[in-house]
Amino acid sequence: QKHLILTTHPTPMKTLTSSAIILGHKNFGESDKIIFLYTEELGKLKTIAKGSRRINSKFTGHLETLNFCQASFYFGPKNIILTEIITLKNFKKIRDNVEKITTALKIAEFTNKMIYENQKVEGLAELISKTLTQLCISNKTQLILHSYMIKLLDKIGMIPDFQTIISSIDQKYLKYLNFIQHQPISTIENISMDKNEQKIIDQLLEKLVSYSI
């Protein structure tokens, strides 16, 4: 004797209001933008801000990369639509300095590149906030970028524990990588590196990222 099993599916979510971080954007159509955001509830989202390129758009000033916002979304059958957004924090001190805003944009670009849609990363919003706060008060922009990249790769499980790894990498640089992997980002002020050493670390990070993608 066969039994008919009836299954029910929950009603799909249509709207959501959430705190969010702008990771980047690109033009879409004649007047819209595609906005990449990170939310604690749903992870990374790819949304459309309709009419956001118009001069009188309600989105003007709120879609800057790495703005911390409160955003509302409508989940349509094909796309997620950004319906409302209010900026909560924009780290203005960074935006007034060319070197710092360049570093901040690299942080956003790296985050957007390494996280796939709907992926949630525990503590990511806090990491970004602490990194940008440190960037506001520090001139060690390259070391801050190194630290953020290592910490993000660590959070998404893309790098080993440098404390235990056996590698051909010079021990000096392994100690550096281990330090920034495990210590708060504020301790970056205790590190001194010359331009050649920073270049070597850049090359090591490029290799780590290429292995992670």
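## Helices H2 and H3

In this predicted model, helix H2 (residues 98–114) and helix H3 (residues 124–137) have axes that come within 10 Å and cross at roughly 165 degrees. Helices here are DSSP runs of H or I with at least four residues, strands are E runs of at least two, and both are numbered from the N terminus. The axes are lines fitted to C-alpha atoms, for helices over the stretch in contact, with angles running from 0 to 180 degrees between N-to-C directions. H2 and H3 are therefore roughly antiparallel to each other (under 35 degrees counts as roughly parallel, over 145 as roughly antiparallel, 65 to 115 as roughly perpendicular and the rest as oblique). The crossing of H2 past H3 is right-handed, where right-handed means the near helix is turned clockwise from the far one by less than a right angle, and left-handed means anticlockwise.

Who meets whom? On the H2 side it's Lys 100, Thr 103, Ala 104, Ile 107 and Thr 111, and on the H3 side Leu 124, Thr 131, Leu 132, Leu 135, Cys 136 and Ile 137, with contact meaning heavy atoms within 4.5 Å. These residues split into 7 nonpolar, 3 polar and 1 charged.

## Helices H4 and H5

Another helix pair is H4 (residues 141–155) and H5 (residues 171–182), whose axes come within 8 Å and cross at roughly 70 degrees. That makes H4 roughly perpendicular to H5. H4 brings Leu 143, His 146, Ser 147, Ile 150, Lys 151 and Asp 154 to the contact, while H5 brings Tyr 176, Leu 177, Ile 180, Gln 181 and His 182. The tally for this contact is 5 nonpolar, 4 polar and 2 charged.

## Cysteines

How many disulfides are there? The count comes to 0, taking a disulfide as a pair of cysteine sulfur atoms within 2.5 Å. The sulfur of Cys 69 is 16 Å from the closest cysteine sulfur, that of Cys 136, which is too far for a bond. Cys 69 has 1% relative accessibility and counts as buried; Cys 136 is buried as well, with a relative accessible area of 17%. Buried means under 20% relative accessible area, exposed over 50%, and partly exposed in between (1.4 Å probe, protein chains only).

## Two buried residues

Thr 65 sits in the loop between strand E3 (43–49) and strand E4 (68–75), and its 14% relative accessibility makes it buried. Leaving out residues up to four places away in sequence, Thr 65 touches Ile 22, Leu 23, Gly 24, His 25, Arg 95, Leu 105 and Ala 108.

Ser 72 belongs to strand E4 and is buried too, at 17% relative accessible area. With the sequence neighbours up to four places away left out, Ser 72 touches Leu 16, Thr 17, Ile 81, Leu 82, Thr 83 and Glu 84. Ser 72 and Glu 84 are 12 residues apart in sequence, yet 5.0 Å apart in space, C-alpha to C-alpha.

## The whole chain

The protein chain has 6 helices and 5 strands, in the order β-β-β-β-β-α-α-α-α-α-α along the sequence. Its C-alpha atoms fill a box of roughly 65 × 65 × 25 Å along the principal axes. Of its 213 residues, 46% count as buried. Among contacts with a separation of 6 or more, 60% come from residues 24 or more positions apart.

## Ground rules

Residues are numbered from 1 along each chain as its sequence is written, and side-chain values use heavy atoms, with hydrogens and water left out. Since the model is predicted, local features need pLDDT of at least 70 and side-chain atom pairs count only at pLDDT 80 or more, while totals for chains, interfaces and linings use all residues.

Conventions: Nonpolar A, V, L, I, M, F, W, Y, C, P; charged D, E, K, R; others polar.
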